[in-house]
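Dear colleague,

Please find below the structure that I am handing over to you, together with its sequence. My notes on what was found in it follow directly after.

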Amino acid sequence: MKKQKLAVPFGTARYPHISKPDTTGKYADNKYKTRLVYKIDDKAVLAAIKQIDAFAEEVHGKQWAKKHVPYVIDEDAGEIVLTAKTQYEPAVFDTKNQKIGKDVNIGGGSVMRLSGFLIEFDKGISFQLKQVQVKSVAQAASDFDEVEDGYEYEGTGGFDDSDEGTDEGGE
């Protein structure tokens, strides 16, 4: 089985499962994975696409080169979508190359770049994720405007379970 190192430029994450594997939903496969979205004319990603195509042709010959590769070019949307995945937890770094903990929820819309390996498999080429560098983290935001004189949550959003089991309201 042949493999080749690959690093791709910063792109926008779509359906990222970086901090924990994808274990729920229709497409759950218990893997760490993400898609990165690029503009179709991004020169840096086009260079990476050429590298992927060259590896695919080297491994499978010209007839296989464009059939099963880890990217899709969507002319209508004007974007290239690259997919990377792995069964192993990837190392995740910030822009200063400091490791990011699992407690950071890296959501869709985050800007990141990836490194890993192009891997040969019987039907084509896959991109095995090894490391992630996060440039900006996108987290879920509300679509609503603030409402005055309404309920206001004073907890931690479910991210801190340190006071779990306590009854602060009391009776």
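**Strand pairing**

Strands β2 and β3 pair in the antiparallel sense, over four bridges. Pairing here requires that DSSP finds at least two bridges between two strands, and the elements themselves are DSSP runs numbered from the N terminus, with helices (H or I) of at least four residues and strands (E) of at least two. Within this pair, Arg14 stands opposite Arg35 in β3.

Before I continue, please note that this is a predicted model, in which local features need pLDDT of at least 70 and side-chain atom pairs count only at pLDDT 80 or more, while totals for chains, interfaces and linings use all residues. Residues are numbered from 1 along each chain as its sequence is written, and side-chain values use heavy atoms, with hydrogens and water left out.

The secondary structure of the chain comes to one helix and eight strands, and from the N terminus on the elements run β-β-β-α-β-β-β-β-β. Strand β2 also pairs with β7, in the antiparallel sense and over two bridges; in β7, Val111 is the bridge partner of Thr12. Strand β7 (residues 111-121) is in turn joined to β8 by eleven bridges, and these two strands run antiparallel. Here Arg113 stands opposite Gln133 in β8. β7 and β8 form a hairpin, with two residues between them. Strand β6 (residues 91-93) pairs with β8 in the parallel sense over three bridges, and Val132 in β8 is the bridge partner of Val92.

**Salt bridges**

A search of the whole structure finds six salt bridges, each defined as a side-chain nitrogen of Lys or Arg within 4 Å of a carboxyl oxygen of Asp or Glu.

Glu79 forms a salt bridge with Arg14, with the closest N and O atoms 3.1 Å apart. This pair links distant parts of the chain, as Glu79 is in strand β5 (residues 79-86) and Arg14 in strand β2, 65 residues apart. Glu79 is buried, with a relative accessible area of 15%, whereas Arg14 is partly exposed, with a relative accessible area of 30%. In these terms, buried means under 20% relative accessible area, exposed over 50%, and partly exposed in between (1.4 Å probe, protein chains only). Of the 171 residues of the chain, 32% count as buried.

Lys85 forms a salt bridge with Asp29, the closest N and O atoms being 3.4 Å apart. This pair also links distant parts of the chain: Lys85 is in strand β5 and Asp29 in the loop between β2 and β3, 56 residues apart. Lys85 counts as partly exposed at 32% relative accessibility, and Asp29 counts as partly exposed at 27%.

The side chains of Glu89 and Lys102 meet in a salt bridge of 3.3 Å, N to O. Glu89 lies in the loop between β5 and β6 and Lys102 in the loop between β6 and β7, so the pair ties together parts that are 13 residues apart in sequence. Glu89 is partly exposed, with a relative accessible area of 42%, while Lys102 counts as exposed at 56% relative accessibility. Elsewhere, salt bridges that share partners join Asp22, Asp29, Lys33 and Lys85 into one network.

**Backbone angles**

Which residues deserve a look for a positive phi although they are not glycine? Tyr15 has a positive phi of about 55°, and Asn30 has one of about 60°. As background, most residues other than glycine have a negative phi. Tyr15 is placed in strand β2 (residues 11-17) and is exposed, with a relative accessible area of 58%. Asn30 is placed in the loop between β2 and β3 (32-39).

**Surface charge**

A negative surface patch is formed by Asp145, Glu146, Glu148, Asp149, Glu152 and Glu154. For such a patch, residues need over 30% relative accessible area and no salt bridge, and like charges are joined within 9 Å; Asp and Glu count as negative, and the place of a charge is taken as CG of Asp or CD of Glu. The accessible areas come from the Shrake-Rupley method with a 1.4 Å probe. Asp145 is found in the segment after β8 (124-136) and is exposed, with a relative accessible area of 71%.

With kind regards

Definitions and conventions. Patches are made of residues with over 30% relative accessible area and no salt bridge: like charges are joined within 9 Å, nonpolar side chains (Val, Leu, Ile, Met, Phe, Trp, Tyr) within 5 Å.
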